[in-house]
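Here is a walk through one protein, from its surface to its metal site. Keep the sequence and the structure side by side as you read.

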Amino acid sequence: MIRDARWVLVVLSVLVLGWQAGPAVADTTVHARLLPTNHSGVHGTAALTTHDGDLTVVIHSRGLVPGQPHAQHLHGSASGKHFMCPSEADDTNGDGLLTNEEAMGEYGDIYLSLTTRGDASADSALAVDRMPVADDQGRLDYRRTFAASDLPKGLLDHLSALHVVQHGIDVNGNGRYDVKGAGVSTFAKNLGAPGVPEEATDPSSCGMVLGAGAPVSPLGAPETGGGPIGGVDRSSVLLGGSLVMVSLTFLALRLRGRRGRGERA
Ligand SMILES: [Cu+2]
């Protein structure tokens with residue numbers, strides 16, 4: 001019976017030690033609720049989870065232009081300046097369209113390009129061949145983990161100042177981006193890409209990060225992107241593990257003491 005107890009002890013110890021071997025730094029997940037810009041009708045959720053210096057981005061959005069690639073970025077500021085999502089008031093030329101240039105005064109520069117593969121720097125801002133494509137219902141589900149080495153300096157320190165922005169609208173309702181909708185994108189032109197439709201670069205949704213710095217549960221939205229999120233504070237898990245270890249040690253000592261007394265008797 002004592003031998004059985006020892007086996008249980010060994011197995012439990014291995015499990016607990018394995019659990020405790022994780023990162024010392026607690027994971028952090030912050031959420032953003034994506035709301036439409038340019039009357040796009042786009043809604044969605046985004047979750048940013050840090051773990052060991054890496055960053056996992058999960059986005060679920062609906063109402064996008066079907067079958068079209070949607071450039072998406074984390075916008076913000078390395079200085080921690082807190083930007084906002086744009087409003088119609090930012091349509092400075094009053095043409096009824098919020099261009100990326102007009103909106104960037106609110107949501108800041110591109111911090112990270114949320115591409116599906118490869119480079120994720122601001123250089124890939126308009127790498128539409130590596131941007132996610134909405135399905136035929138205008139749905140987009142995105143998940144990517146960016147290695148710590150691919151993240152701009154200071155990004156994780158300024159999670160609360162970030163904005164998730166998606167681009168791509170269909171002004172003339174013909175189901176695709178074309179220059180007949182809103183002309184040529186001056187934003188793209190200034191980045192050295194002439195002839196890109198304005199429709200492809202105008203913002204379609206924006207979400208401000210909420211609850212930065214603390215693990216939070218999903219904001220009532222069906223955020224099911226997986227990952228180590230869901231409001232479980234890792235430190236409490238580690239504390240629980242430590243208490244289990246202490247209990248097991250006590251159990252082992254008691255068993256040993258009992259057996260010792262038994263052998264002497
Ligand atoms: Cu952007």
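The protein exposes about 13600 Å², and carbon and sulfur atoms supply 58% of that area. Accessible areas come from the Shrake-Rupley method with a 1.4 Å probe; for residues, only the protein chains shown count as cover. This is a predicted model: local features need pLDDT of at least 70, side-chain atom pairs count only at pLDDT 80 or more, and totals for chains, interfaces and linings use all residues. Residues are numbered from 1 along each chain as its sequence is written, and side-chain values use heavy atoms, with hydrogens and water left out.

Now the fold. There are 6 helices and 8 strands. Both are DSSP runs numbered from the N terminus: helices are H or I with at least four residues, strands are E with at least two. Along the sequence the pattern reads α-β-β-β-β-α-β-β-β-α-α-α-β-α. Of the 265 residues, 41% count as buried (under 20% relative accessible area, 1.4 Å probe, protein chains only). Take the contacts (heavy atoms within 4.5 Å) with a separation of 6 or more: residues 24 or more positions apart account for 71% of them.

Next, the interior. In soluble globular proteins, nonpolar side chains tend to be buried together. A nonpolar core here is a set of buried Ala, Val, Leu, Ile, Met, Phe, Trp, Tyr and Cys residues joined through side-chain atoms within 4.5 Å. The largest one has 25 residues; Leu48, Leu55, Leu74 and Leu112 have the most contacts inside it. Two or more residues each come from β1 (28-36), β2 (43-51), β3 (54-62), β5 and β6 (140-146). Leu48 touches, among others beyond four places away in sequence, Leu55, Leu74, Leu159, Leu162 and Val209. A second, separate core of 10 residues includes Cys85, Leu98, Ala103 and Phe187.

Ala103 also belongs to the buried residues of helix α2 (100-107), together with Asn100, Glu102, Met104 and Tyr107. These pack against β4 (72-76), β5 (109-113), β7 (163-167), α4 (186-190), α5 (198-201) and β8 (203-210). After α2 comes Gly108, whose phi is positive, near 80°.

Last, the metal. Which protein atoms are the donors of the copper ion? They are ND1 of His73, NE2 of His75 and NE2 of His167, lying 2.0 Å from the ion. Donors are N, O and S atoms within 2.8 Å of the metal (3.2 Å for Na, K and Ca); water is not among the atoms, so sites may look incomplete. The donor spacing in sequence is H-x1-H-x91-H. His73 in β4 and His167 in β7 are 94 residues apart, linking distant parts of the chain. Both His73 and His167 are buried.

Note on methods
Buried < 20%, exposed > 50% of the residue type's maximum accessible area, 1.4 Å probe, protein only.
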